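Okay, thanks for making time, everyone.

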Amino acid sequence: MSRMGDVLAGFHAAWEFESDFVRIRYERGIRTPKLFQTLGERRIPFEAIETVTLAPGRRGTVVLRMVPRPGADPLVEVAAGQLKEGSDPYQLVLPAERETLAEYYADELSAQLKQDRGPAERFLVAAPEVPLRFKAYDGKATFDGKTVSFRWFWTGASSAKWKAGDQSFPIADLNGVEWRSPEVFEGHLRLLRGAAPPVPVDQDPAAVVFGLGYGPVHESLPFAAAVLSAVRSARPTAVIPAARRDPADIAERIRHLGELHAAGLVTDEEFTVKKAELLAEL
């Protein structure tokens, strides 16, 4: 980079360029996305960056964005493309009049990146620090770095979860984590164990269900990222293939989805997207 310690400040965040990493400091203002406020500060090694882009933004802005290498950041890995554009922790939005300056830094940073490195073999960006906790619709989830625990709420948990009782899962017993954003239909966090086809999340004692006001992105996503990072650290070479659902289970879930759609509880767009997701699991 040009000079160690150079700072480029934008809306909601500032990037500080060091010799071999970019330090992102997120603002804590009332208009700053809550996910940014939760993250606070992140250290992104050049090794974790695949490319840098600069593009026009909305209403007289430009957007400088770092694109992380696949597998380099547990937060991006577990989000799996579900974050809204405004909540992308790798973008810096600047006034359009600073485009020339942003272009300069984009070129400087790009010059530091190696080409065609492919997916990272391990996480290169630190996961959110533990302990972490959040409230889902049917229970409270906590993670201390070694064990994930679910404590069920009698007002929301299914009879299957009550029968199973409160749960504790040592990291050594897990293969991964599945996070479905609370901002879409059937949001949840599920702990993956073995290759057996999972049961519906409301019946699965290894999963908590989100809902309106429960499991918000800024709480449940850092939680999921920290769990995934711990699992990968315990089993750095483990590769677990995704389990396929029973066709009968898929058919039943599509039927139920159709009932919700007919009752007006699911929009046309949600119905189309979710149906496609279910069919893709066959």
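So, Glu 77: this one is partly exposed, because its relative accessibility comes out at 33%. Keep in mind that what you're looking at is a predicted model. Glu 77 makes a salt bridge with Arg 232, and the closest N and O atoms sit 3.8 Å apart. Glu 77 is in helix α2 and Arg 232 is in helix α5, so this pair ties together parts of the chain that are 155 residues apart in sequence.

How many salt bridges does a search of the whole structure turn up? Eleven. Let me pick out two others.

Take Arg 25 and Glu 41, where the closest N and O atoms are 2.7 Å apart. Arg 25 belongs to strand β3, residues 21-26, and Glu 41 to strand β4, residues 41-45, so the bridge ties together parts 16 residues apart in sequence. Arg 25 has 39% relative accessibility, so it counts as partly exposed. Glu 41 has 40%, so that one is partly exposed too.

Arg 58 is exposed, with a relative accessible area of 64%, whereas Glu 85 is partly exposed at 49%. Why does Glu 85 land in the partly exposed class? Because exposed means over 50% and buried means under 20%, and its relative accessible area is 49%.

Staying with charge for a moment. There's a patch of positive charge on the surface, where Arg 133, Lys 135, Lys 140 and Arg 151 gather. Zoom in on Lys 135, in strand β8, which runs over residues 132-135. Lys 135 counts as exposed, because its relative accessibility is 51%.

Now let's go inside. Val 208 is in strand β14, residues 207-209. Buried or exposed? Buried, because its relative accessibility is 0%. What does Val 208 touch, if you skip residues up to four places away in sequence? Phe 134, Ala 136, Asp 138, Phe 150, Trp 152, Lys 161, His 188 and Leu 189. Take Trp 152 from that set: Val 208 and Trp 152 are 56 residues apart in sequence, but C-alpha to C-alpha they're 8.8 Å apart in space.

His 218 is another buried one, since its relative accessible area is 18%. His 218 is part of helix α5, residues 217-234. Again leaving out residues up to four places away, His 218 touches Lys 34, Leu 35 and Thr 38.

Gly 145 is partly exposed, because its relative accessibility is 28%. Beyond its neighbours within four places in sequence, Gly 145 is in contact with Val 130, Ile 171 and Ala 230.

Okay, the whole thing. The protein has seven helices and 14 strands. Of its 282 residues, 44% are buried. Of the contacts with a separation of 6 or more, 59% are between residues 24 or more positions apart. As for surface, the protein exposes about 15100 Å², with carbon and sulfur atoms supplying 52% of that.

That's my tour, so over to you for questions.

Note on methods. Residues numbered from 1 in each chain as written. Predicted model: local features only at pLDDT ≥ 70, side-chain atom pairs only at ≥ 80, totals over all residues. Heavy atoms only, no water. Patch = residues over 30% accessible without salt bridge, like charges linked within 9 Å, V, L, I, M, F, W, Y side chains within 5 Å. Areas by Shrake-Rupley, 256 points an atom, 1.4 Å probe, with all protein chains shown as cover. Salt bridge = Lys/Arg side-chain N within 4 Å of Asp/Glu carboxyl O. Lys, Arg positive; Asp, Glu negative; His and termini not counted. Charge placed at Lys NZ, Arg CZ, Asp CG, Glu CD. Helix = DSSP H or I, 4+ residues; strand = E, 2+ residues; numbered from the N terminus. Buried < 20%, exposed > 50% of the residue type's maximum accessible area, 1.4 Å probe, protein only. Contact = heavy atoms within 4.5 Å.
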